[in-house]
Amino acid sequence: MLEVSKLNKFYGQNHAVDDLNFTVASGEILCLLGANGAGKTTTLNMLLGFIKPDSGHAVLDGVDMYHQRADCREQMMYIPENVHLYPSFTAVENITYLAELAGVKVIESDIKDVLIRTGITETQLVRKVGGFSKGMRQKVAIAFALLKHAKLVLMDEPTSGLDPVATQEFIEVVKTIKERGTAVLIVTHDLLCAHQLADQIGIMSHGQLKQLIKNDGLTLPNLTEQYFNQFSA
Ligand SMILES: Nc1ncnc2c1ncn2[C@@H]1O[C@H](COP(=O)(O)OP(=O)(O)OP(=O)(O)O)[C@@H](O)[C@H]1O
């Protein structure tokens with residue numbers, strides 16, 4: 001489980017992340033929403049160890065994510081807005097290579113099984129990924145997260161630029177990660193995706209987590225209203 005407590009980041013006078021507190025349990029999905037500049041990416045970058053928080057902690061299953069970065073890296077998977085793969089490799093070859101780099105032991109038949117489960121077809125399995133769409137490249141990354149048995153998956157704007165069918169496929173695939181007991185944190189502007197996927201929805205504004213909503217019986221119009229209320233207040 002991911003525990004974020006009293007996390008702060010300043011850029012000069014700008015309090016980019018202001019005393020952030022939340023937890024994401026195993027098998028739970030938290031979607032962080034918020035306007036441009038709200039502090040979502042800065043939060044993600046601190047969790048990834050790319051930037052140092054000024055104060056506060058982020059802990060993954062008892063391990064400090066900034067100070068014990070190497071230990072945490074093994075346990076987590078970051079899926080950026082655009083997944084970069086080796087274009088002249090097939091999906092299986094890409095995962096084999098990524099697994100070697102990460103020291104993860106995988107066998108080809110398992111890679112194929114997981115890729116098929118994430119929605120890569122038999123025909124696509126033998127193709128080089130150079131022609132893969134954004135959604136297909138995401139599926140390959142998610143397959144690797146599954147093979148890696150990641151405890152935490154972090155995603156940045158995963159549905160931007162995906163068509164509605166690809167978005168729906170993405171939502172179904174992410175549900176399989178959740179079912180494996182992985183904690184998932186998604187930074188997004190996509191209210192529909194957050195509504196369909198999240199167990200908790202956080203709304204950030206000016207570096208602060210203004211609202212943390214349980215997605216239990218919440219309607220999309222209700223979520224939309226709560227989102228806009230944050231910015232008209
Ligand atoms: N490297 C940096 N140097 C200085 N200020 C920064 C830096 N990165 C982000 N900021 C500032 O920190 C604040 C939070 O930015 P951040 O990128 O985290 O927002 P965001 O919610 O991810 O926005 P978006 O939805 O546009 O990606 C903004 O005021 C931004 O200008």
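Predicted model: local features only at pLDDT ≥ 70, side-chain atom pairs only at ≥ 80, totals over all residues.

Biologist: How are two packed helices described?

Modeller: Two packed helices are described by the angle between their axes and by the distance between those axes. Here, helix α3 (residues 91-102) packs with helix α4 (residues 108-117) at an angle of about 120°, and their axes are 10 Å apart.

Biologist: Which word describes how α3 and α4 lie to each other?

Modeller: Angles over 145 degrees count as roughly antiparallel and those of 65 to 115 degrees as roughly perpendicular, with the remainder between them called oblique. The helices α3 and α4 are therefore oblique to each other. Their crossing is right-handed.

Biologist: Which residues of α3 and α4 meet?

Modeller: From α3 come Ala91, Val92, Ile95 and Thr96, and they meet Glu108, Ile111, Lys112 and Leu115 of α4. Sorted by class, this contact has five nonpolar, one polar and two charged residues.

Biologist: At what angle do α3 and α6 pack?

Modeller: For α3 and α6 the angle is about 45°, and the axes are 10 Å apart. That angle makes α3 oblique to α6. The crossing of α3 and α6 is right-handed. On the α3 side, the contact is made by Ala91, Asn94, Ile95, Leu98, Ala99 and Ala102; on the α6 side, by Val140, Ala143, Phe144, Leu147 and Lys148. By class, the contact of α3 with α6 has nine nonpolar, one polar and one charged residues.

Biologist: How many residues does the largest nonpolar core have, and which have the most contacts inside it?

Modeller: A nonpolar core is a set of buried nonpolar residues joined through C-beta atoms within 7 Å. The largest one in this model has 68 residues, and those with the most contacts inside it are Cys31, Ile95, Val140, Ala143, Phe144, Ala145 and Val153. Helix α6 (residues 134-148) gives the most to this core, with nine residues.

Biologist: With which residues is Ala145 in contact, leaving aside its neighbours within four places in sequence?

Modeller: With those neighbours set aside, Ala145 is in contact with Met77, Ala150, Val153 and Ile177.

Biologist: Which residue with a positive phi follows α1?

Modeller: Gly49 follows α1, and its phi is positive, near 80°.

Key
Residues numbered from 1 in each chain as written. Axes fitted to C-alpha atoms, helices over the stretch in contact; angles between N-to-C directions. Helix = DSSP H or I, 4+ residues; strand = E, 2+ residues; numbered from the N terminus. Parallel < 35°, antiparallel > 145°, perpendicular 65-115°, else oblique. Left-handed = near helix turned anticlockwise from the far one by under 90°. Contact = placed C-beta atoms within 7 Å. Nonpolar A, V, L, I, M, F, W, Y, C, P; charged D, E, K, R; others polar. Buried ≥ 20, exposed ≤ 12 C-beta atoms within 10 Å, placed from the backbone.
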